[in-house]
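Work through the exercises below with the sequence and the 3D view open. Each solution goes step by step.

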Amino acid sequence: METAWPGWIERKDREVRARLDQGDEDTIINWMLFGTSFTSRPRAVLGAVESGTAGDRELVLRRTIELISARLDDLLTALAAPDNDERRLFARALLQRKGLPFATAVEREAARNYLLAAVIRVATEQDQIDQELGATSSGDPLTEFVERSRLFRTRGLSLDASLVPNYSVEQALTAMKARGLLKPGSVRRVAIVGPGLDFADKDVGFDAYPQQTVQPFAVLDSLKRLGLAPSPGDPEIVLLDISPRIIDHVTRARARAARNIGYTLNLLLPRSTPWLPEVRAYWQAFGDRIGAPAQAPASKAIAEVAQLRAVRVRPSAVQRMSVLNVNIVTERLDGEAFDLVIATNVFIYYDVFEQALAMSNVEAMLKPGAFLLANFSAPDLRSVTIRPMETTTTLYARGLAVNENVLDFIVWYKAHAN
Ligand SMILES: C[S@@+](CC[C@H](N)C(=O)[O-])C[C@H]1O[C@@H](n2cnc3c(N)ncnc32)[C@H](O)[C@@H]1O
C-alpha cells in the first residue's frame, strides 16, 4: 500500500480538480440564464415551466426556450467584444480551452451548440437533484440534512457562495462562546476551506459588480464582533482552495492591499425570501468591524430582486488573509496547527470516501481540542478521532409550513484533546 499510495493519491487529486471545469461551465450557464450585464431581457428560470397550469404549459415551455435562445445570442455577442469585462474574459477562456474560439460565424455556431448542450446537462442534473431531494423528504429537517450531506457528489465543483452560511457560522460561534468552548481572544489562526467566489447567482443575476469572495471577511468580522479574535491584532486567516480563480483573486487583492487599497464587498439580500429580522440585522451590520459602509452600484435590475449594500474593507484586514492551493481531499498542511477550521458547502460535493479522507486531513491540521465547523453530516468514521459534538440549527426564514422553513445546520466537530 505504501508504494501504491503516492501514485494513487496523485490520480485522486487530478480526478477532484478535473471537476472544476464542469463547475465553471455551470457558472457560465447560470450567468447566461440570469445575468444582467450583457442583456436587458428578463431572467430565464429553468423551472418556470412547472409553475404554469396544465393548459398553458406548452406555451410557457416555448417562451422559456425562446428566452434562453435569445439570451444565448446576447451572451455570444457580448463574448465577441469582451473589453476588460472579467466575466466575459473568463467565459471566452473556458470556451477556448474547449477548442471553441468564435472568430468566424461557423465557430460561433459551434460555441452556441456547445452552450445549448450544457444548458440541457445543467437542467437534467437539477432534475436529478430535485428527485433526490424529494426522495429524502422525511419531514424531519435534521434527518434530511444527514441524508443530503452528499447531494452534489456527482456535480461539477462550483465556486458559488452566498451570505447566509456566514450567518450560520456566526450563530455557531456565538453558542460556542456562551458554552465556554471558545475563550475570548483565543482564535488566532483560522483556516477556511473553500471560501468561494461570487460570479452570478442562481436566483439573482448579481453581475453588476466585480467578482468577490465574502466568507474570509465574514469570518474575520464575526470573530472580532464576538471578541474571539486576539486583541490587539487580528487572527490570521488561511484560505485553502483548489480553484485557480480563487487563488488568483485573493493574490491580487493582497497585492492591492499592500499598496494600501481596500476591498469592496457588495452584500446582497434577495427579496424573494422573507428573511427573519435577525438575518436582516446580520446583513445590515456586516463588515462594521473590518471596514466602513460604501456606495453600492446603482442597478435597477438588482434593485427589483434584492437589497444591496456595500462595505469597503480596510487593507490591513485583507493582509491578514493568505491563500494556498490545497485539495482537502488529498492534502494537508504541515506546521502550525489551527484553532478553528471552517468549511461550508464544500463536503456536500463529495461521497463518503472522499469525505473520510478530507476529515482526516482536517483533523491533522487542528490543534488538540480545536473545532471544525461544517454544514454537513460526516460519515461515522473509526479512522479519525474528530467527532461531532453539537449541531446548531439556524433559521433564515419561516415558510408557510414547517417543512418550508429555510434553514441550515452547522456541526461542531471537535478534534481529540490529547
Ligand atoms: C460552493 S463553494 C462554497 C463557498 C462558501 N464556503 C459558501 O458556503 O458560500 C465551494 C468551494 O469549495 C472549494 N472546493 C471544492 N472542493 C475542494 C477541495 N477538495 N479542496 C479545497 N477546496 C475545495 C471550491 O473551489 C469553492 O471555493
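Two strands pair if DSSP finds at least two bridges between them. Helices (H or I, at least four residues) and strands (E, at least two) are DSSP runs, numbered from the N terminus. The model is predicted: local features need pLDDT of at least 70 and side-chain atom pairs count only at pLDDT 80 or more, while totals for chains, interfaces and linings use all residues. Residue numbers start from 1 along each chain as its sequence is written.

**Exercise 1.** Find how many bridges join β9 to β10, and in which sense the two strands run.

Solution. Go to β10, which covers residues 406–414. Nine bridges join this strand to β9, and the two run antiparallel.

**Exercise 2.** Give the order of the strands in the open sheet of seven strands, and state its pairing.

Solution. Step 1: the order is β6-β2-β1-β7-β8-β10-β9, and the pairing is mixed. Step 2: β6 (321–325) and β9 (387–397) each have a single partner strand, so they stand at the edges with one side left without a neighbour in the sheet. Step 3: from one strand to the next, the twist averages 20°; such angles run from 0 to 180 degrees between N-to-C directions, with axes fitted as lines to C-alpha atoms, for helices over the stretch in contact.

Step 1: Helix α9 (residues 244–258) lies across β2 (236–241) and β6, and runs at about 150° to β6. Helix α13 (residues 352–365) also packs on the sheet, where it touches β1 (189–193), β7 (338–343) and β8 (366–374). The direction of α13 makes about 135° with that of β8. Contact here has a cut-off: the C-beta atoms of two residues, placed from the backbone, lie within 7 Å.

**Exercise 3.** Describe the open sheet formed by three strands.

Solution. The order is β3-β5-β4, with antiparallel pairing. β3 (263–270) and β4 (291–294) are the edge strands, each pairing on one side only. Neighbouring strands are turned by 30° against each other on average, direction ignored. Eight bridges connect β3 with β5 (residues 306–313). L267 stands opposite R309 in β5.

**Exercise 4.** Which word describes the angle between α1 and α5: parallel or perpendicular?

Solution. Step 1: helix α1 covers residues 5–34, and helix α5 covers residues 105–135. Step 2: they pack at an angle of about 95°, with their axes 10 Å apart. Step 3: angles under 35 degrees count as roughly parallel, over 145 as roughly antiparallel, 65 to 115 as roughly perpendicular and the rest as oblique. Therefore α1 is roughly perpendicular to α5. Step 4: E25, D26, I29 and M32 in α1 meet L115, A118, V119 and V122 in α5. By class, this contact has six nonpolar, no polar and two charged residues. In this count Ala, Val, Leu, Ile, Met, Phe, Trp, Tyr, Cys and Pro are nonpolar, Asp, Glu, Lys and Arg are charged, and the others, Gly among them, are polar.

**Exercise 5.** State which helix supplies the largest share of the side of domain 1 that touches domain 2.

Solution. Step 1: an automatic or database domain assignment gives the bounds, with domain 1 at 17–135 and domain 2 at 164–414. Step 2: 12 residues of domain 1 are in contact with 15 residues of domain 2. Step 3: the largest share of that side of domain 1, six residues, comes from α1. Step 4: the residues of this side divide into three nonpolar, five polar and four charged.
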